[in-house]
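Welcome! Please take a moment to look over the sequence and the model before reading on.

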Amino acid sequence: MSVPDIHPDVERVLLSEEDIRTRLTEIGAQITADYADEPPILVGVLKGAVMVMADLARQIDLPVEMDWMAVSSYGSGTKSSGVVRILKDLSADISGRHVLIVEDIIDSGLTLKWLLSNLRSRGPASVQICTLLRKPDAARVEIDVRYVGFDIPTEFVIGYGLDYAERYRNIPYVGVLKPSVYES
Ligand code: PRP
C-alpha cells in the first residue's frame with residue numbers, strides 16, 4: 001500500500017491511521033468485555049464522531065445499537081460557552097438503557113458536561129464516555145471519561161472527523177494544522 005502524501009495544510013501527523021486503528025481495536029475489546037452482559041447503545045455526537053463511531057463500532061463484538069445527537073453552542077460564537085442546544089435529538093428512548101457516548105475530542109469538556117446531564121435526566125441505567133482524543137491542558141471542567149484513546153497537547157488538530165471551518169474531516173489521520181491556515 002502506498003503511503004499517502006501529507007496534506008499541504010498539515011504541519012505534522014499527530015496520529016497515523018495505524019495508531020488510531022490499533023488504539024480503537026484495544027478500546028473495542030475493552031468495551032466488549034465491560035458490556036458483555038448489557039450491550040450499550042452507542043450515542044455518537046455529530047459531526048466529528050462519525051469516523052470514530054464507524055471504526056470503533058466494528059471493533060465491538062456485541063449487539064450494540066447506534067444513535068446520534070447533534071449539538072451546538074449557543075451565543076457568542078466561541079464554541080466552548082457551555083450553553084448548548086440540540087440540533088438533532090436521539091431517535092431512541094434511553095430510559096433503563098446503558099448509554100456509551102462516543103466523541104472525537106474533549107477540549108474544554110463543557111459540551112460533554114452539558115450532554116451528560118441532559119442524557120442522565122432521561123433515566124438511563126448508566127452513561128459512560130468514550131473519546132478518541134482529549135486535551136487535558138484545555139479542560140475547564142472535570143469529567144469522568146471511561147475510555148480515552150489519546151491525551152494530546154493543546155494544538156489545533158484536524159482530520160479523522162475533526163474540522164477547521166468544516167474542512168479536513170475526511171483526512172484519514174489526525175494532524176496539526178499549520179497556523180498560517182487559520183491566521184491568514
Ligand atoms: C467538538 C467535539 C466536541 C466538542 C468538544 O465539536 O466533537 O463535541 O467540540 O469541545 P469542548 O470540550 O470544548 O466542549 P464541534 O462543536 O466542533 O462540532 P463538530 O463535531 O460538528 O465539528
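## About the model

This is a predicted model, in which local features need pLDDT of at least 70 and side-chain atom pairs count only at pLDDT 80 or more, while totals for chains, interfaces and linings use all residues. Residues are numbered from 1 along each chain as its sequence is written, and side-chain values use heavy atoms, with hydrogens and water left out.

## The protein chain

Four helices and nine strands make up the secondary structure of the protein chain; these are DSSP runs numbered from the N terminus (helices H or I, at least four residues; strands E, at least two). From the N terminus on, their order is β-α-β-α-β-β-β-α-β-β-β-β-α.

The C-alpha trace spans about 50 × 45 × 25 Å along its principal axes. Of the 184 residues, 43% count as buried, meaning under 20% relative accessible area (1.4 Å probe, protein chains only).

## Around the ligand

Among the 16 residues around the ligand, Glu103, Asp104, Ser108, Gly109 and Thr111 come nearest; a residue is near if one of its heavy atoms lies within 4 Å. β5 (98-106) and α3 (110-120) are the elements that give two or more residues to this shell, and β5 gives the most, with four.

Definitions and conventions: Buried means under 20% relative accessible area, exposed over 50%, partly exposed in between (1.4 Å probe, protein chains only).
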